[in-house]
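My notes follow in the order I took them.

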Amino acid sequence: MKPFSQFFVFVVTVSATSYIDAFTRNDFPNDFLFGAATSAYQWEGAFDEDGKSPSVWDTTSHCDSGSNNGDIACDGYHKYKEDVMLMAEMGLESFRFSISWSRLIPNGRGRINPKGLLFYKNLIKERRSHGIEPQVTLYHYDLPQSLEDEYGGWINRKIIEDFTAFADVCFREFGEDVKLWTKINEATLFAIGSYGDGMRYGHCPPMNYSTANVCTETYIAGHNMLLAHSSASNLYKLKYKTKQRGSVGLSIYAYGLSPYTDSKDDETATERAEAFLFGWMLKPLVVGDYPDIMKRTLGSRLPVFSEEESKQVKGSSDFVGVVHYNTFYVTNRPAPSLVTSINKLFFADIGAYLIAAGNASLFEFDAVPWGLEGILQHIKQSYNNPPIYILENGKPMKHGSTLQDTPRAEFIQAYIGAVHNAITNGSDTRGYFVWSMIDLYELIGRYMTSYGMYYVNFSDPGRKRSPKLSASWYTGFLNGTIDVASQDTIQLQRKCSGSSSFYIDAFTRNDFPEDFLFGAGTSAYQWEGAANEDGRTPSVWDTTSHCYNGSNGDIACDGYHKYKEDVKLMAEMGLESFRFSISWSRLIPNGRGRINPKGLLFYKNLIKELRSHGIEPHVTLYHYDLPQSLEDEYGGWINHKIIEDFTAFADVCFREFGEDVKLWTTINEATIFAFAFYGKDVRYGNCTTGNYCMETYIAGHNMLLAHASASNLYKLKYKSKQRGSIGLSIFALGLTPYTNSKDDEIATQRAKAFLYGWMLKPLVFGDYPDEMKRTLGSRLPVFSEEESEQVKGSSDFVGIIHYTTVYVTNQPAPYIFPSSTNKDFFTDMGAYIISTGNSSSFVFDAVPWGLEGVLQHIKHRYNNPPIYILENGSPMKHDSMLQDTPRVEYIQAYIGAVLNAIKSGSDTRGYFVWSLIDLFEVQVGYKSSFGMYYVNFSDPGRKRSPKLSASWYTGFLNGTIDVASQDMTQLQRNFSGSSSL
């Protein structure tokens with residue numbers, strides 16, 4: 001990689017793949033229950049049949065016109081036998097469903113509806129006949145509307161008596177065949193989301209809060225839920241438990257919570273969030289009172305248990321139900337959040353801000369299994385290790401998008417692995433239920449997104465069910481015909497009849513244009529070493545790396561002496577092109593004037609060696625290694641003099657190497673170079689810092705003019721004979737709005753203007769983006785008419801450096817980059833950036849749709865120029881392993897994204913992995929690396945060893961391996977390197 005690109009590298013502290021080591025059903029206790037789930041309103045339909053009356057969910061879903069409601073849903077009321085047959089074929093051990101209060105007792109109290117009673121008896125009997133254990137939820141958001149209208153539902157203590165009477169009917173009528181009862185579904189989220197300033201089930205907006213105390217409603221509702229639960233629980237224990245021998249519990253919605261930084265403030269904020277989101281319900285159930293943090297914060301707004309109530313609530317749950325989907329980082333600093341809009345007052349009470357871990361929205365999120373494992377460990381340690389059932393866990397995907405739902409299968413695998421880890425570490429977790437068995441009417445996404453392992457065609461009056469890959473995987477896992485993390489999953493993918501839109505669908509080298517170039521890259525300072533040999537003088541990178549008592553590139557990979565060995569590795573790999581840079585201070589030691597003959601000979605020999613093996617050289621003229629002499633003389637890139645010196649340097653390169661070089665990049669990732677090396681608190685080649693609000697933009701301006709000057713020189717003097725192409729490269733983060741709000745969309749457009757358009761608009765149209773001109777005013781340099789004409793059209797191609805994707809928001813968010821990065825630039829941009837990955841430093845998830853989005857944006861906005869992806873790769877801890885499977889999966893996914901973009905019309909012409917071998921990396925030195933070949937930096941000989949990624953890329957290039965096939969598993973098995981070093 002290169003300087004400051006790693007400012008955008010984010011660490012996955014524990015990747016999902018670490019949770020899918022091989023395990024089977026037999027690795028879990030015999031009495032552990034694996035199941036799946038639905039709920040009454042989301043599954044049954046038949047909303048006005050056989051005596052059912054409306055629930056608050058009926059009312060709310062009908063607030064909008066149209067068919068986005070649960071009137072028919074999956075028609076489970078009529079198709080339950082078919083669904084139970086699917087469960088039996090799957091090998092499901094338990095099935096969680098809820099009883100519709102308004103179907104069983106239409107008025108909320110009093111008369112039982114005989115047809116409703118018969119339906120649930122038949123449903124339970126059908127499951128029992130197939131050996132499937134019923135897990136029954138009494139309340140899943142569907143209070144009879146009559147009780148909401150009569151007294152306001154859960155904010156009135158009358159609910160306790162009515163709920164207990166409803167529970168009594170259920171225990172009496174169904175208890176002989178039901179051994180697991182959950183009273184209230186995810187009580188925490190229900191209270192937060194349905195009361196206070198949140199939405200209000202049973203009412204259509206706009207809500208009239210004139211008579212409601214919105215500051216206390218949430219806590220009153222939660223208090224009444226605890227009392228109703230304990231009342232029904234104690235009834236069961238007194239009246240039914242001895243004979244029926246069942247267990248009763250309450251479920252909570254549990255976000256994974258982890259401090260955003262290791263600061264004391266963020267740790268304290270996380271403890272507050274755990275108290276409000278877990279302890280609010282769990283502490284009363286275990287010790288009979290609310291958490292002290294809540295009592296101190298809320299004062300009189302938090303209801304108080306009487307001594308009798310405290311005794312009744314304490315110990316009233318035989319188990320805790322956990323509903324878990326995603327994980328959040330917690331910070332004490334203001335940050336935009338996906339969840340605060342649910343009930344802003346509640347999250348203000350917490351006094352903490354939640355930032356999504358992973359690529360998250362309300363409708364989509366990554367697997368972050370360590371979040372669930374953390375919840376189970378927290379409950380074990382803080383609440384006396386109660387029995388736990390994971391009552392919901394699953395992954396939403398766009399409904400109807402694919403039957404081959406590989407991401408969902410991987411999500412479920414990873415979380416089952418997390419549960420297994422927690423059990424191994426002492427958690428008394430006793431069951432895991434996938435949400436959901438089949439596609440349902442969903443709470444927020446309705447029919448747009450779905451979680452089901454079976455697809456339901458909601459356009460078909462018969463509501464036909466079709467198995468997805470996840471159903472096949474779960475079936476295989478439960479009956480022992482598939483091992484996790486084995487080639488069996490790949491075999492399932494091949495057999496699954498559904499199409500897939502995943503980025504690693506099968507493709508080969510032959511699916512790309514014949515003249516498309518696959519390559520790999522390095523740069524001079526990071527690869528060559530020989531810092532003081534054969535006439536080379538210091539560059540600014542030498543100076544900066546020696547400012548601190550740490551690592552440097554004095555020797556690096558010793559490519560200066562070992563280039564023939566490295567070219568041989570490239571040839572064996574089948575590399576079609578190799579990207580490297582020319583050290584300005586090795587070729588022209590004083591920055592101008594005399595050429596160093598030994599430097600000249602080295603690059604001639606390197607290029608000749610590449611050509612002799614049929615490898616196309618792609619040469620970068622400037623990769624952050626300005627001769628220190630020019631920095632000392634006039635300040636380098638902030639001085640207009642650089643244009644003349646850079647053009648003279650480029651002239652030497654074109655003249656001496658141009659017959660054999662057809663691809664030239666003038667300046668590497670000019671955008672990040674300008675804002676990361678110039679401006680406040682940053683200055684390469686100087687151990688002190690700069691402090692000028694204009695430096696960033698002056699440096700960027702001079703880069704464009706230097707690029708244009710060199711480009712025009714090439715076109716006038718060399719191009720007709722040498723027939724090469726010349727371009728400029730930018731660092732291009734994937735950028736996407738954090739929410740669908742207009743403000744975040746506008747913020748994303750500003751970010752694209754500053755991070756892409758800053759360089760690309762002058763290259764295509766001859767001037768800076770309007771957003772930058774309006775924002776910066778006189779601080780942004782102005783092109784003369786002649787300069788504008790010179791810059792416009794000066795790039796034959798655009799080079800893209802891309803590693804990861806970020807969300808963009810208009811709301812203040814914690815600064816995610818190292819403190820040495822130019823904060824003023826981001827202030828100017830007027831947008832805040834939030835990582836899409838599981839983040840801290842120097843490793844990041846594959847987010848291939850981000851790169852595809854970059855390519856599509858450039859195609860549409862900048863006249864679809866030729867593009868080369870000049871750097872893309874995945875860092876891992878150096879010395880960690882040769883079997884670098886995560887890197888292989890990353891490269892696969894991004895090559896798939898490039899192919900998608902090409903098919904959609906992008907003129908992308910090449911893809912270069914960063915990096916060919918392990919290099920000296922900025923910020924981390926030798927601690928982490930990107931290489932497909934391992935370099936032993938402790939060995940004076942700098943021995944190279946192939947990693948799995950080298951074997952995979954070799955196989956891909958020479959056609960001996962297909963992406964997303966069993967060849968990958970075979971490659972891992974055949975790989976000669978041990979998994980660790």
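Entry 1, terms and source. I take two strands as paired if DSSP finds at least two bridges between them. Helices (H or I, at least four residues) and strands (E, at least two) are DSSP runs, numbered from the N terminus. The model is predicted, with pLDDT of at least 70 needed for local features and 80 or more for side-chain atom pairs, while totals for chains, interfaces and linings use all residues. Residues are numbered from 1 along each chain as its sequence is written, and side-chain values use heavy atoms, with hydrogens and water left out.

I looked up the strand order and found a closed barrel of eight strands, 16-17-18-19-20-22-25-27, paired in parallel. On average, neighbouring strands of this sheet are turned by 25 degrees against each other, direction ignored. For angles, I use axes fitted as lines to C-alpha atoms (for helices over the stretch in contact), and the values run from 0 to 180 degrees between N-to-C directions. Contact means heavy atoms within 4.5 Å.

I then checked one pairing in detail. Strand 17 (residues 577–581) and strand 18 (residues 616–622) run parallel and are joined by five bridges. Ser581 has Thr620 of strand 18 as its bridge partner. Helix 27 (residues 695–717) packs on the sheet, where it touches strand 19 (663–667) and strand 20 (725–731), and its direction makes about 165 degrees with that of strand 20.

Which residues cover the two faces of strand 22? I count a residue as buried under 20% relative accessible area, exposed over 50% and partly exposed in between (1.4 Å probe, protein chains only). Phe797, Gly799 and Ile801 lie on one side and Val798 and Ile800 on the other, and all are buried. Strand 20 and strand 22 run parallel with five bridges between them; Ile730 is partnered there by Ile800. Strand 22 also pairs in the parallel sense with strand 25, over four bridges, and Ile869 in strand 25 is the bridge partner of Ile800. Helix 33 (residues 848–861) lies across strand 22 (797–801), strand 25 (867–872) and strand 27 (908–914), at about 155 degrees to strand 25.

I compared its span with expectation, which is 1.5 Å times one less than the number of residues. The 16 residues of helix 23 should span 22 Å, and the end C-alpha atoms are 22 Å apart, so the two agree. Its buried residues include Gly599, Phe602, Tyr603 and Leu606. The buried residues of the helix pack against helix 19 (524–527), helix 21, strand 17, helix 22 (584–587), strand 18 and helix 25 (641–657). Just after helix 23, Gly614 has a positive phi of about 75 degrees.

I count rings of Phe, Tyr and Trp (its six-membered ring) as paired if their centres lie within 6.5 Å; planes under 30 degrees apart are stacked, over 60 edge-to-face and the rest tilted. The structure holds 98 aromatic pairs. Phe163 and Phe166 are edge-to-face because their ring centres are 6.3 Å apart and their planes stand at 65 degrees. They are three residues apart in helix 7 (residues 158–174), so about one helical turn separates them. Both Phe163 and Phe166 are buried. Tyr560 and Phe602 form a tilted pair, 4.6 Å centre to centre with 40 degrees between the planes. This pair links distant parts of the chain, with Tyr560 in helix 21 (residues 559–573) and Phe602 in helix 23 (residues 597–612), 42 residues apart. Tyr560 counts as buried because its relative accessibility is 8%, and Phe602 is buried at 4%.

Strand 3 (residues 133–139) is mostly covered, with seven of its seven residues buried. Strand 2 (residues 94–98) pairs with strand 3 in the parallel sense over five bridges, and Phe97 stands opposite Val136. I also looked for a charge over a ring (NZ of Lys or CZ of Arg within 6 Å of the ring centre and within 35 degrees of the ring normal). Arg127 lies over the face of Phe97, at 4.3 Å from the ring centre.

Asp75 lies in the loop between helix 2 (56–61) and helix 3 (76–90). Its relative accessibility is 15%, so Asp75 counts as buried. Not counting residues up to four places away in sequence, Asp75 touches Trp43, Glu44 and Arg463.
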